[in-house]
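Here are some notes to read beside the structure. Please keep the model open while going through the points.

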Protein chains: 2
Amino acid sequence: MKPLNDRGIRLLVIGSEITQGFVNDTNTRFICSEMFNLGISVKEIITIPDNLTLIKKTIKSLLKKGDFLITTGGLGPTDDDLTIDALCSFLKVKPVSVKACEKRVQKLFFSKNQGNINRQRILSQCRIPAGAEGLPNTSGLAPGVFLRIPGIISLPGFPEEIKSIWPHVLKKITCDLKQSFLSHSFNIWGVPESIIYESILIPKEVQYGNHSLPWGNNFFLKSSSENKIILDSIARKIEKFFQPHIIDNPLNQWFEYLKTNQVTFSTIESCTGGLAAKLITDFPGASDVYPGSIVTYDNRIKTNLVNVNPVTISQFGAVSRQTACEMARGGSDKFNTDITISITGIAGPAGGSPEKPVGTVYFGIYNRKLNRLYSGHGFFPFGRERFRNAAVYSIYLSLFQLYIFYKDDSLWLNSPQGKNFNRENVD
Amino acid sequence: MKPLNDRGIRLLVIGSEITQGFVNDTNTRFICSEMFNLGISVKEIITIPDNLTLIKKTIKSLLKKGDFLITTGGLGPTDDDLTIDALCSFLKVKPVSVKACEKRVQKLFFSKNQGNINRQRILSQCRIPAGAEGLPNTSGLAPGVFLRIPGIISLPGFPEEIKSIWPHVLKKITCDLKQSFLSHSFNIWGVPESIIYESILIPKEVQYGNHSLPWGNNFFLKSSSENKIILDSIARKIEKFFQPHIIDNPLNQWFEYLKTNQVTFSTIESCTGGLAAKLITDFPGASDVYPGSIVTYDNRIKTNLVNVNPVTISQFGAVSRQTACEMARGGSDKFNTDITISITGIAGPAGGSPEKPVGTVYFGIYNRKLNRLYSGHGFFPFGRERFRNAAVYSIYLSLFQLYIFYKDDSLWLNSPQGKNFNRENVD
């Protein structure tokens with residue numbers, strides 16, 4: 001076995017649905033991100049189809065490399081769920097049935113009058129290799145499998161099931177693997193990638209990298225434990241230099257702000273078609289501060305439901321500063337919320353013009369208590385899907401900047417961040 | 001080299017951003033799905049961090065297996081873009097610069113007054129190994145790399161760049177690899193996985209499998225070219241047996257139905273918080289048939305904006321058949337649309353009760369022209385995210401069943417598919 005602090009993870013993803021391109025594998029990101037936060041290296045990820053011989057061979061060759069093995073997929077009731085068979089064959093043991101799992105199956109499937117069910121097939125997912133420990137799965141049936149020696153955890157393929165087993169995985173992993181690196185990670189808004197690298201001199205003992213977010217950049221540092229002092233000092237420099245541009249996510253910050261200050265919020269969307277609403281209602285408890293949203297896709301709805309003047313639309317267009325302002329004010333009347341935003345733009349592929357090409361978007365922000373109205377604009381010509389994401393994150397970032405970062409609207413409007421916004425006259 | 005019809009693809013994904021869990025790798029699905037459609041097997045996918053020695057070693061061991069190698073990632077200007085160096089070192093050749101790429105760099109970067117740019121670094125992405133062919137990248141700078149012998153294509157990591165190079169990849173791949181299997185694939189609704197397998201006897205020459213969709217199952221068949229006759233006959237049997245349960249996606253069908261018949265549609269959502277609206281407005285041109293949506297997250301908004309009687313809410317609850325019905329009717333008045341749906345449920349994690357646990361959802365469907373109202377219910381206790389997806393796809397599938405599949409509401413309500421719905425009295 002490798003020295004403990006060299007030992008990392010190798011991940012084996014089992015599933016023809018992935019190698020045949022039917023589904024996106026999102027488990028890999030979840031598992032790798034958890035490992036990064038624990039300071040455990042993921043050295044390799046191998047994805048293979050559901051094939052018994054191949055699974056067994058790959059398990060063997062991966063374990064030879066001396067790291068801990070996590071497998072996903074292939075635990076279930078169908079013919080192509082082969083992970084347990086492969087493990088048993090590799091370990092030269094027989095499968096045994098987990099009693100707690102059998103009880104759940106009994107309760108969920110066999111208690112009702114379900115004549116057509118193939119009992120044997122359903123019960124087959126309760127199996128684990130003899131000598132292994134079953135890890136409870138509260139989202140599905142098949143238990144996870146843990147084998148301290150040679151160091152294997154097998155998980156199902158469904159993301160929710162992996163998450164339900166995950167607390168047990170963490171307990172096992174943190175007992176059996178030592179942290180092999182330290183890391184710091186920062187989400188930074190309003191600072192281009194190149195500026196980050198030009199501002200901070202990073203010594204060669206420290207690895208670093210970045211990737212873009214819909215509203216900024218993620219930047220990370222990484223080094224082995226013995227470089228803790230150097231690493232922490234670089235991290236402090238970055239924090240000092242870029243704080244308070246370092247935030248988790250403008251949407252999280254905004255939702256926290258609303259809850260903490262009991263500020264109510266509503267959204268009037270056109271081109272983004274409900275995405276701003278969907279993202280804010282992803283937070284459990286959103287209903288305390290977010291009464292709702294209107295998607296005014298049709299111009300008549302802008303007029304009928306949020307009182308946009310039809311003359312405004314005919315004179316300036318549905319995608320205009322003026323319409324955005326009236327949407328925000330009209331929406332605020334409907335929802336009686338403290339802050340109301342509006343988004344109107346051209347997602348494409350059709351609908352663009354030389355003056356207002358596809359990618360153009362206008363925003364409104366109306367603050368009811370202060371009777372203040374702001375208009376803003378953006379240009380995100382990246383295709384329909386990316387346009388909608390960029391537009392929604394851009395307005396949430398602006399709300400963060402105005403109400404949480406600058407707090408004062410003159411400061412905001414004069415900042416590089418607020419330059420795409422104007423304060424409007426309100427009668 | 002392997003016999004041509006045995007030769008498939010091995011995919012090497014290069015990027016620490018993936019092994020560290022910062023991003024989801026969506027290129028794998030794109031490439032695997034394209035290969036499946038071409039009838040070319042993807043035998044293995046290996047994902048590794050940006051490390052020169054490791055990249056070189058992995059390229060070598062993958063090529064040994066005799067298949068064609070596609071790599072993604074590691075082509076670019078930064079220090080961790082190492083694919084070209086690894087290829088050159090493995091092939092024992094020097095890098096050469098692609099002239100067409102240099103010209104683009106010149107035009108994009110060096111024509112303007114951009115003092116601070118590191119020319120050497122930017123030009124480094126024009127390199128390919130000597131003897132290789134550069135594949136034009138119209139979305140980015142780094143060209144793709146093609147080496148007929150030993151059979152390598154290297155692509156950048158950005159999905160848009162891969163897609164821009166893809167037509168060239170297809171030309172090379174289809175010259176150098178033979179189709180090694182034939183396939184058929186079906187999306188089927190309303191038929192449990194087990195019934196599919198029990199209904200059709202599949203001979204052992206034919207491989208098969210399925211994966212679940214939010215509204216049904218995808219089922220595929222696969223076999224080598226010499227079994228074409230058997231494979232096609234099984235496919236015809238499945239089509240005959242399950243047609244018209246075979247559809248692309250209920251949402252696509254529903255949108256087509258709305259457009260073709262000029263039927264207008266609106267959505268009133270509570271627990272799904274804008275997701276039903278977001279999905280229908282994903283279609284370009286949605287505004288022709290979809291004026292908009294109201295998200296009535298707060299009970300007062302249900303009352304004030306879509307005229308739900310407050311007595312209904314206090315007597316039966318916001319999550320009830322009665323409230324769903326009033327939401328659909330009230331929403332229809334607001335939007336004046338032919339068909340209006342409503343969704344009200346408990347996404348969780350909080351808000352459940354013994355009578356109405358987390359996962360409970362009620363639906364309403366109101367047809368304005370016929371003055372017909374239906375209520376329905378579902379139970380999807382799978383966590384907040386999956387609940388919301390399941391609830392939205394469930395109502396879109398029901399709309400497909402009622403208006404496109406059965407066309408007659410008595411047939412629908414008496415079918416296994418319509419059993420969770422009732423026709424309501426309307427005054």
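1. Helices (H or I, at least four residues) and strands (E, at least two) are DSSP runs, numbered from the N terminus. With that naming, H4(A) is followed by Lys92(A), whose phi is positive, near 55°. Helix H4 covers residues 83-91 of chain A, and its buried residues are Thr83(A), Ile84(A), Ala86(A), Leu87(A) and Cys88(A). Here buried means under 20% relative accessible area, exposed means over 50%, and partly exposed lies in between (1.4 Å probe, protein chains only). An α-helix has 3.6 residues a turn, so residues three or four places apart point the same way.

2. A word on the source: this is a predicted model, in which local features need pLDDT of at least 70 and side-chain atom pairs count only at pLDDT 80 or more, while totals for chains, interfaces and linings use all residues. Residues are numbered from 1 along each chain as its sequence is written, chains are lettered from A and ligands numbered from 1 in the order in which they are written, and side-chain values use heavy atoms, with hydrogens and water left out.

3. How many residues of chain B are in contact with chain A? The number is 63, and they meet 63 residues of chain A; contact means heavy atoms within 4.5 Å. About 5400 Å² is buried between the two chains, and carbon and sulfur atoms give 54% of this area. Buried area is the accessible area (1.4 Å probe) that two parts lose on being put together, summed over both. On the side of chain B, Gln20(B), Phe22(B) and Arg29(B) lose the most area to chain A, together 12% of what that side buries.

4. Between chain B and chain A there are four salt bridges, a salt bridge being a side-chain nitrogen of Lys or Arg within 4 Å of a carboxyl oxygen of Asp or Glu. Glu160(A) forms a salt bridge with Arg386(B), with the closest N and O atoms 3.3 Å apart. Strand E2 (residues 42-48) of chain B supplies seven residues, the largest share of the side of chain B that touches chain A.

5. The two chains also pair through strands: E13 (residues 292-296) of chain A and E13 (residues 292-296) of chain B run antiparallel and are joined by five bridges. Two strands pair if DSSP finds at least two bridges between them. In this pairing, Val295(A) stands opposite Ser293(B).

6. Is Asn367(B) buried or exposed? Asn367(B) counts as buried because its relative accessibility is 7%. Asn367(B) belongs to strand E15 (residues 360-367) of chain B. Leaving out residues up to four places away in sequence, Asn367(B) touches Asp338(B), Ile339(B), Arg372(B) and Tyr403(B).

7. Two cis peptide bonds deserve a check. One joins Gln243(A) and Pro244(A), with omega about -5°; Pro244(A) is in the loop between helix H9 (228-242) and helix H10 (250-261) of chain A. Another runs from Ile149(B) to Pro150(B), with omega near 10°, and Pro150(B) lies in the loop between strand E7 (144-147) and strand E8 (152-155) of chain B.

8. Asn307(B), a residue other than glycine, has phi near 60° and is found between helix H12 (299-306) and helix H13 (310-316). Asn307(B) counts as partly exposed because its relative accessibility is 47%. For Lys407(B), phi is near 65°, and its loop lies between helix H15 (384-406) and helix H16 (409-413). Lys407(B) counts as exposed, at 65% relative accessibility.
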